[in-house]
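Hello,

Here is the structure you were waiting for. Please open it first; my notes follow below.

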Amino acid sequence: MSLATDPPAAADPATGARNHDSAPRAAAARSAFLHYLGSKLLAALVSFAITLLIGFVLFQLMPADPVQTLTRGHPTSYAQMVHLRHQLGLDQPVWRRFVTFVANTLQGKLGDSWQFQQPVSGLIAARLWPTLLLTGASTVLSIVVGLWLGVRSGWRHGGLLDKVTSSVALTFWSVPTFWLGMILLIVFSVGLGPIPALFPAGGMSDPSLPQTGFTHIVDVARHLVLPAATLVLVVFAQYTTIMRSSIIDELGSPYLLTARAKGLTDALVRRRHAVPNALLPSVTVIFLQLGGLVTGAITVETVFSWPGLGYLTYQALQVPDLPLLQGTFIFFSASVILMNLLADVAYRFLDPRVRAQ
Amino acid sequence: MSTSTLTISAPDTSHPTRGGALLRFLRAFVKRPAGLAGLAILVCVAVLALAAPLYMGQNDLDVTKVSGPLLAPPSGGYPLGTDQAGRSILLLVLWGARSSLAIGAIATLLTVLLGSSVGLLAGHYQGWIGKGLMHLTDWFIALPSLPLAISLAAVLGQGSTSITIAIAVTSWTGTARLVRAQTLAVEARPYIERARALGAGNLQVMLRHVLPNVAPLIMVSSTLTVASAILSETTLTFLGLGDPTSVSWGSMLDAAFAGGAMTAGAWWYLLPPGVAILIVVLGFTLTGRAVEHILNPRMGVGT
Amino acid sequence: MTLLQVRDLAVSYRDGSGTAPAVRGVSLDLDTGQTLGVAGESGSGKTSMALSLLRLLPPGARTSGQVLFEGEDLLSTGWSRMRAVRWSAASVVFQGAMNALNPVQPVGEQICEPIMLHDRVGAKAARTRALQLLDSVGIPASRFGAYPHEFSGGQRQRVMIAMALACRPKLVIADEPTTALDVMVQAQVLQLFADLVREEGIAVIMISHDLAVLAQMCDRLAVMYAGRLVELGPSGQLIGAPRHPYTAALSRAFPVIGDPASRRAPSGLPGDPPSQARLGAGCSFAPRCPVALDACREREMELWTCGDGRQAACLRVLPEYSAPQGESS
């Protein structure tokens, strides 16, 4: 009786024939992936189109006559108003205005800010880096902290760490993000009782220090601590929850018993076997939560006067500076749509089981 | 398809009546300490908020008429300190509850109405209406909620109405998804097919058969929606989109922020509104989760 | 030479209100190179018994008794010693067709893992050894980096066998190794396993509810019912001339491969195995036993010797109760 192979099965080529079978299989996998990518891309484009539509309706159609707002306080003749209206393209039919709007947006022409008297796109470009820094650092920290806590909580679910973590997470979710920021500010920046003032109260850097070099990096880092901490405290719970339930799902799996039977310590079984399997379902969720981080960033930047897009939005609200608000709205929405698309694609790559399909 | 024996056999007395179901629910609810705690919190807060005009006069809130020390820490007469105008923070927090709870409740009502309608229609009509509504919901979910809420409220102008509408517009998708999933599940049951065979029209199927089954889930979802609506209201008011004359927790925090309470170290101005929000949101969350556990005992492990 | 001595092994699970006994006082011996099959229905406690030998039961389980492996009581050693013994001295072959292999790790790495852990060699040496092992079970070297889902059920089982032999253990416990496989594949895998363990002189405890499989593989058989051993002896004799009514029923239910006489329609056994909670005095099998006596429900059962190397926990093997066996084949 031959020991070499099992009876040939459809998905299981015999020993020697492997190379022949793999080429058409790889091609099929590639086209399936392209098909998947295509459908996700299409969905993202549609979402973006809807965003533009909503932006147009909100900012071009709904508000009161912009000419009135612009010329408030300046005596303007009726003829001048008509001229201004024509200049701004407000006398065109609606569909025409929409087409112009879309064309402009796609070229990056987002209008001029009323309060700053500068192109909106320029303002967004200037404030982009601080927001990326803040949200990036917060995301990385939240993921690390959240996943670690999730693994430990789920591995011994019902234990002390689990209960404490979930209570703390619930508390932080139940308060406004900006309030946490203000509390951190008052405790660690202004100093409360015995706690001294440890961190700066606002902004991204100290203008009196050199704006480049190592001192600058340390300075920015010091300014980053409190706002990032605020965001992390609110956001980490989402990652903890998903990782915890993923680990709990894996707990009864037979391969963990195999690992234990091999003589691995509990920590190794958890780290080398349970976590990689539990991580996969968590990954999509991680990417999808990035949208929530955007929301938090707006209020946190406001509290700490962090010169990013969120603070820009707040400043736009004060007037209200409609072109600027429109620009930030479109930008935020487009970013989140892009993040979701990247998440879907990344997930496809990471799971070897999904890859094989 | 097998025929149910219920329609042919004698009346099954072990089958619970409507009233019996409610009683069983209440009995199950009483056994859950977290849910009871949540409910107790809500009742207390509601009573305090509703009864506020009875123990507070307009004088306590009017900046021109108060006589307390300006931005003073807690002391005998003012247990939570005073604000920049000399008003008692404690009274402000209690009065602010009215505004925050009202907006939260109304926004939730709108959210639930909008979300349930969309969900019901999307689940009931399988054709392009249903698919279209489902796609619409998915697209809406893709949009980040705060920028949309801010933009909407800004364009509608400052005020409580704008905030309420903005919250409803950004929160309805959760309810819609839930209701749609439940509608699909309910309509797959055999008795719906029989009802249609007996001539029930679309509206009748939806209202008389699907809705009663969906109602408990909507109830659970609303408690959790109120919690997040209150948080959203606070955020939007803090950003300056609320009614400048009315007192709410968000406006108190906005005043604290803009008035430099932090640089002055006035923690008593900062802490109470946040703690109040925490308490109320916890109340809704605990109650909602307890109800959810009772209605769906097959919840995941470890919750 | 005695490799394993099990004395009064008992396992019970805590389940909410009370404890449910799964294994009640099992004692057996195993010599080097010997193969022992453990047969029984689901719920008879055979898997619990096997896993408890290496303390692999879940945290809610309570184990008592002695498991002397080369003279050392595994149930009372410290955990680091236990982990060192696992796999290097005694390994386990689980149902590979099911999820017993890590889905997101290449199979080659999974085989290398215990080698690097116990033999303390580097990755390269471990890989060489792993490739040897894969070759010995008929899996080509090119599949070293493949993932479990890329193999068929039979191939995965062979990977599990290769993995179990990685650290040259003295004992392999095989828990239902071929249950999820097709009959043809099952025969191949069993033959492979038998050849490999015989070459290396490895002792085997094989658990199965399939008597035919055990008859083919094992020198000796132990039959478990409701947590207890009810019969023990050389497999051929046990199946051909069972002394316990349960063994007789089992052997009637499974036609033995290659034995035309047993290929008549298999007969079942009325009733269900007793639930773990409701176990009273006397023989647990009495309610279903076709030849039960009144004394069966009262007397405490033991494994009584009834032949050379044979034991049975049935009153009927005792001289005072023996009657013509009306139900024998």
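**A covered strand in chain C**

Start with strand E3 of chain C, residues 35-39, which is mostly covered: 5 of its 5 residues are buried. Keep in mind that this is a predicted model.

C:Thr35, C:Gly37 and C:Ala39 point one way. C:Leu36 and C:Val38 point the other way. Both sets are buried.

With strand E8 of chain C, residues 203-208, it pairs in the parallel sense over 5 bridges. There, C:Ala39 stands opposite C:Ser208. With strand E9 of chain C, residues 220-225, E3(C) also pairs in the parallel sense, over 4 bridges. In that pairing, C:Gly37 has C:Leu221 as its bridge partner.

**Where chain B meets chain A**

Next, the interface. On the chain B side, 43 residues are in contact with 44 residues of chain A. About 3,800 Å² is buried between the two chains, and carbon and sulfur atoms give 83% of that area. Within chain B, the residues that lose the most area to chain A are B:Trp139, B:Val155 and B:Leu239. Together they account for 15% of what that side buries.

What about polar links? Polar contact between chain B and chain A comes to 1 residue pair, with both residues at pLDDT 80 or more.

Several helices of chain B give two or more residues to the side that touches chain A: H5 (128-142), H6 (145-156), H9 (202-238), H10 (249-258) and H11 (267-295). The largest share, 12 residues, comes from H11(B). By residue class, the side of chain B that touches chain A divides into 33 nonpolar, 9 polar and 1 charged.

**A helix in chain A**

Last stop: helix H9 of chain A, residues 254-261. Which of its residues are buried? They are A:Tyr255, A:Leu256, A:Thr258, A:Ala259 and A:Ala261. As a reminder, an α-helix has 3.6 residues a turn, so residues three or four places apart point the same way. After H9(A) comes A:Gly263, and its phi is positive, near 95°.

Best wishes

Key: Residues numbered from 1 in each chain as written. Chains lettered and ligands numbered in written order. Predicted model: local features only at pLDDT ≥ 70, side-chain atom pairs only at ≥ 80, totals over all residues. Heavy atoms only, no water. Buried < 20%, exposed > 50% of the residue type's maximum accessible area, 1.4 Å probe, protein only. Pairing = 2+ DSSP bridges. Contact = heavy atoms within 4.5 Å. Buried area = accessible area lost by both parts, 1.4 Å probe. Polar contact = N/O pair within 3.5 Å; in protein donor to acceptor, adjacent residues only side chain to side chain. Nonpolar A, V, L, I, M, F, W, Y, C, P; charged D, E, K, R; others polar.
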